Amino acid sequence: MAMMDSDIQNACALVIDSNATSRSLMASQLRDLGVAQVRQATRINDARVILEHKAYDIVLCDYHFDGSEMSGQDLLDELRREHLLPYSTVFVMVTGEASYSKVAEAAEAALDAYLVKPYTMASLSDRLANARHRKRVLKDIFEAIERQDFEAAAGHCLKRFEARGQFWLYAARIGAELLLRLNRFDDARQLYDAIIAAKTVPWARLGVARTELGSGNVAAARRTLETLIGDIPDHADSHDVMGRVQMDLGEIEGALATYRTAARLTPGCLLRAQRCGCLAFYAGQRAEALKQLEQTMAQGLRSKLFDMLTLALIGLMRFDNRDSKGLKYAADAMTSELERHPNSKRLQRFDGLFKCLRFMLEKRVADALELARELTRRSSEQEDFDLEAASLLLALWVRLATMIELDEMDQLVTQLGLRFCTAKAATEVLVAMSEGNERVAEELRSSHAKIFSIAETAMRHSMRGSARVGVALLIQQGEVTRNAKLIDMASLVLKRHTEKIEDAEELTETIQQLHAKYVLPLGGTANRKRAAGGLALRT
């Protein structure tokens, strides 16, 4: 059979199918079409690891896998969400009649093509040719994204959408993602509304909720999501975003219930399972948390999608259960990861946590205390010291306090509270790590109230015509507490009233210095940016 295009002989392909006969047939068909390199995978977990380490031009993936709760669609969603599948890859889903409707719906947004069994060689060739053609038509968009010229890429998308050019819906979705990335929430909202008016699709309605959340209108985002989930209860990405809204509001129990639903809709999804386990930990549901997190450890420890925080939380729970064998197993896994990435400060902190827990389990309290002090000193000086690191430090000291009286602990809790209690969600995460220590929990909530009071006082000065006083207060308290919310607020108030403040340039420089030191990207340094319901912009 003739090759479908002149570049096909340079392409490499991956075939993912649990059925040996079907897998062999697809591989043979690809070779007949001119694909020189074809690799095969029998299980989804193996395929995920393969795709994490190498980019393929073509992926043929079966929808159903015997003995696995995870479908080919789940794999695709996870790869897209985690930026592990470049735009140049053509991903084709192969499905039976029973799952046709689900695959057809997915193809509308993030899937390049699909084939319904039984299919002919001509059908495969046609689907691949069309998908590769779309990649070439939208090449200007993808090349701009690769250059990280997001403004230009968004412009190309908007131009194609407005002209209703070829592949306009797909281009519009990419454009909306770019506008969200650029914090152009109003423009993104207009584009999503236009998409809905032209052709109602779930991801566009979810995009509206994401623009509302991104612009700070949490109440509106919640209403949009409630309507969307009511209309389409099995749209997992909607539950992801709703869970984020609930976390922003400090509703840990509600967020846990929502993420449970998302995980149930996509069984086998490593990311959602880890999220459920972490939230169960924070909600005090430790039996559920341990079961969920250890399952993800068994399922995906080798995967790039596996978050090492999972091991740290397992370690804390194994310590609380006085399970030295379980603690050692998690600690050994962490040590192996640290050996692969010896310069990771985050992994070094986790490793220190495990050593301290093992000292305590062995009744070596003096050694544990010395190491805890060293970890505290070292962590607080590091640029990536974030809420995650603070919560684990707090967990360590709370456990030490059950073994020995600690005079320094009150001061540490106050420092952590004033720095990291930026909102109700962050405060409740820290409170969850206090393990029922009422004095610690009360101090953390008191710190949150103090930060809120400082912000409120600064805003009153601003509204009464004394913006300079308000900015100065926020800068002074931001430097003392290192609280990101106060530093961010100082920047916002200064921008709003810059024309009325004579030394605005000097104040801006001071704020920028504080911002560089103490304000980390949303979600901290531990997690890559991902957006539920969106296309991952691989950069």
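A polar contact is here a pair of N or O atoms within 3.5 Å; within protein, one atom must be able to donate a hydrogen and the other to accept it, and residues adjacent in sequence count only if both atoms are side-chain atoms.

This is a predicted model, in which local features need pLDDT of at least 70 and side-chain atom pairs count only at pLDDT 80 or more, while totals for chains, interfaces and linings use all residues. Residues are numbered from 1 along each chain as its sequence is written, and side-chain values use heavy atoms, with hydrogens and water left out.

1. Ser303. The side chain of Ser303 makes such a contact with the backbone nitrogen of Leu305, at 3.0 Å. Ser303 lies in the loop that links helix H15 (286–300) to helix H16 (309–320); helices (H or I, at least four residues) and strands (E, at least two) are DSSP runs, numbered from the N terminus. The relative accessible area of Ser303 is 7%, so this residue is buried, where buried means under 20% relative accessible area, exposed over 50%, and partly exposed in between (1.4 Å probe, protein chains only). Neighbours within four places in sequence apart, Ser303 is in contact with Arg48, Glu52 and Leu270; contact means heavy atoms within 4.5 Å.

2. Sheet order. Five strands make up an open sheet, ordered S2-S1-S3-S4-S5, with parallel pairing; two strands pair if DSSP finds at least two bridges between them. Strand S2 (37–41) and strand S5 (113–116) are the edge strands, each with a single partner, so one side of each has no neighbour in the sheet. From one strand to the next, the twist averages 20 degrees. Axes are lines fitted to C-alpha atoms, for helices over the stretch in contact, and angles run from 0 to 180 degrees between N-to-C directions.

3. Strands S1 and S2 with helix H1. S1 and S2 run parallel and are joined by five bridges, with Ile16 standing opposite Ala41 in S2. Helix H1 (residues 20–32) lies across strand S1 (12–16), S2, S3 and S4, and runs at about 170 degrees to S2. Together, S1, H1 and S2 form a right-handed β-α-β unit; a crossover is right-handed if, with the strands pointing away from the viewer, the path from the first strand over the helix to the second runs clockwise.

4. Strand S3. Four bridges connect S1 with S3, and these two strands run parallel; Ile16 stands opposite Cys61 in S3. On the S4 side, Cys61 stands opposite Met93. The chain passes from S3 through helix H3 (residues 72–81) to S4 in a right-handed β-α-β crossover. In a regular strand the side chains alternate between the two faces of the sheet. Both faces of S3 are covered, with Ile58, Leu60 and Asp62 buried on one side and Val59 and Cys61 buried on the other.

5. Strand S4 and Val92. Strand S3 (residues 58–62) and strand S4 (residues 90–95) run parallel and share five bridges, and Leu60 stands opposite Val92. Val92 counts as buried, at 0% relative accessibility. Beyond neighbours within four places in sequence, the contacts of Val92 are Val59, Leu60, Cys61, Ala113, Tyr114, Leu115 and Leu128.

6. The 15 residues of helix H20 (387–401) reach 21 Å from first C-alpha to last, close to the 21 Å expected at 1.5 Å a residue; the expected span is 1.5 Å times one less than the number of residues. Of these 15 residues, 13 are buried, so H20 is largely enclosed by the rest of the structure. Ser391, found in H20, is buried at a relative accessible area of 2%. Its side chain reaches the backbone oxygen of Glu388 at 2.7 Å. Apart from neighbours within four places in sequence, Ser391 is in contact with Leu430 and Met433.

7. Met409. This residue lies in helix H21 (residues 409–420) and counts as buried at 5% relative accessibility. Not counting residues up to four places away in sequence, Met409 touches Trp397, Val398, Ala401 and Val440.

8. Helix H25. The end C-alpha atoms of helix H25 (residues 484–496) are 19 Å apart, in agreement with the 18 Å that its 13 residues should span at 1.5 Å a residue. Asn483 caps the N-terminal end of H25, with a side-chain oxygen 2.9 Å from the backbone nitrogen of Lys485. The buried residues of H25 include Ala484, Leu486 and Ile487. Among the elements covering the buried residues of H25 are H21, helix H23 (438–463), helix H24 (467–481) and helix H26 (504–518).
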